[in-house]
Amino acid sequence: MTNMTSRPIGVFDSGVGGLTVLKALRAKAPSQDFIYLADAARAPYGRKPREMVREFAYGIAGFLVRLGVEGVVIACNTASAAALPELAQTLPVPVLGVIEAGVEAARRQTRTGQVGVIGTKGTIASGVYQRQLEALGFSVWARACPMFVHLVEEGLAESDEAELLAQCYLGDRPPIDTLILGCTHYPVLRRVIQRAAGDSVALVSSADAMAELVDRAWHAGRSAGHGRVVHYVTGDVASYQHTAKTIDALDGELIQLDVAALGR
Ligand code: DGL
């Protein structure tokens, strides 16, 4: 049989955020095996210098390649913005980031062409979303929401603090009709963000568009695997377990990883 893979696909993020992408990938390709790496020891990535995040991405991608993955999904906007496209040119397997998928989801959704994007400081400062959206002729409003990642990692997605921060970040938005959740942690805050943005704004994330891209790249929907996931976690495993459980994405084996294993 051609085009069927039994090798796992590697997926990584700074923490639990990329699990929102992994969930969509698994829904699209139930028999595909995955390795998910959460670099919780060095999270959050969003405030760190671009060069540092790029080094993290190269180290993690190299680790995943050594484990024999079919390809790598950077389920982190900050790392995608910092390391792509260069990383894709140096790895022996294909690499996909989440930003094109987020832009594609917005392109399909918007009717007015007035699009917002929220993300980490690193992602918004890189200007990568803004450039790609403007190239499509959209007018773009962009805002960094650095505290959102902490809310998710601390399991505070449904708290008063989350409501307050969402109001602060989104209260003065212009009249957009589509808002890209440009950080893979943010879908966990979807309800809170929707309340602050109002019902007239459609929220889009890269997760679903990403699942289509992965299927196209690796025929993951026809994988000969077993639908298994192995989670590698640097840093606090108990806290990862707790938060991953609250977003219903924890089945599979969990392995604690020393961050030194991710050096280049
Ligand atoms: N979830 C990541 C992203 O999409 C990283 C968030 C962080 O670690 O700051 O950007």
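What volume does the largest pocket have? The largest pocket has a volume of about 380 Å³, on a 1 Å grid over the protein atoms alone, where a pocket is an open set of points with protein on both sides within 12 Å along at least five of seven lines. A volume is the space filled by probe spheres set on the points, which are joined across faces, edges and corners. The structure is a predicted model, in which local features need pLDDT of at least 70 and side-chain atom pairs count only at pLDDT 80 or more, while totals for chains, interfaces and linings use all residues. Residues are numbered from 1 along each chain as its sequence is written, and side-chain values use heavy atoms, with hydrogens and water left out.

The largest pocket is lined by 22 residues, a lining residue having an atom within 4 Å of a point. Nearest the centre of this pocket lie Thr 20, Pro 187, Val 188, Arg 190 and Ser 205. Elements giving two or more residues to the lining include helix H1 (19-28), strand S8 (202-204) and helix H11 (206-218); helices (H or I, at least four residues) and strands (E, at least two) are DSSP runs numbered from the N terminus. The lining of the largest pocket has 13 nonpolar, five polar and four charged residues.

The search of the whole structure finds three cavities of 30 Å³ or more, a cavity being a set of points where a 1.4 Å probe fits but cannot get out. About 60 Å³ of space lies in the largest cavity. Of the 13 residues that line the largest cavity, Ser 14, Thr 78, Thr 120, Cys 183 and His 185 are the closest to its centre.

The space taken by the ligand is this largest cavity, a molecule being assigned to a cavity if more than half of its atoms lie within 2 Å of the grid points. Around the ligand there are 13 residues, each with a heavy atom within 4 Å of the molecule. A polar side-chain atom of Ser 14 lies 2.6 Å from an oxygen atom of the ligand, and a polar side-chain atom of Thr 78 likewise lies 2.6 Å from a ligand oxygen. For Gly 46, a backbone N or O atom lies 2.8 Å from an oxygen atom of the ligand. The protein buries 99% of the 300 Å² that the ligand exposes when taken alone, by the Shrake-Rupley method with a 1.4 Å probe.

Gly 46 also lines the second largest cavity, together with residues including Pro 44 and Thr 120. The peptide bond from Ala 43 to Pro 44 is cis, with omega near -5°.

Note on methods
Polar contact = N/O pair within 3.5 Å; in protein donor to acceptor, adjacent residues only side chain to side chain. Nonpolar A, V, L, I, M, F, W, Y, C, P; charged D, E, K, R; others polar.
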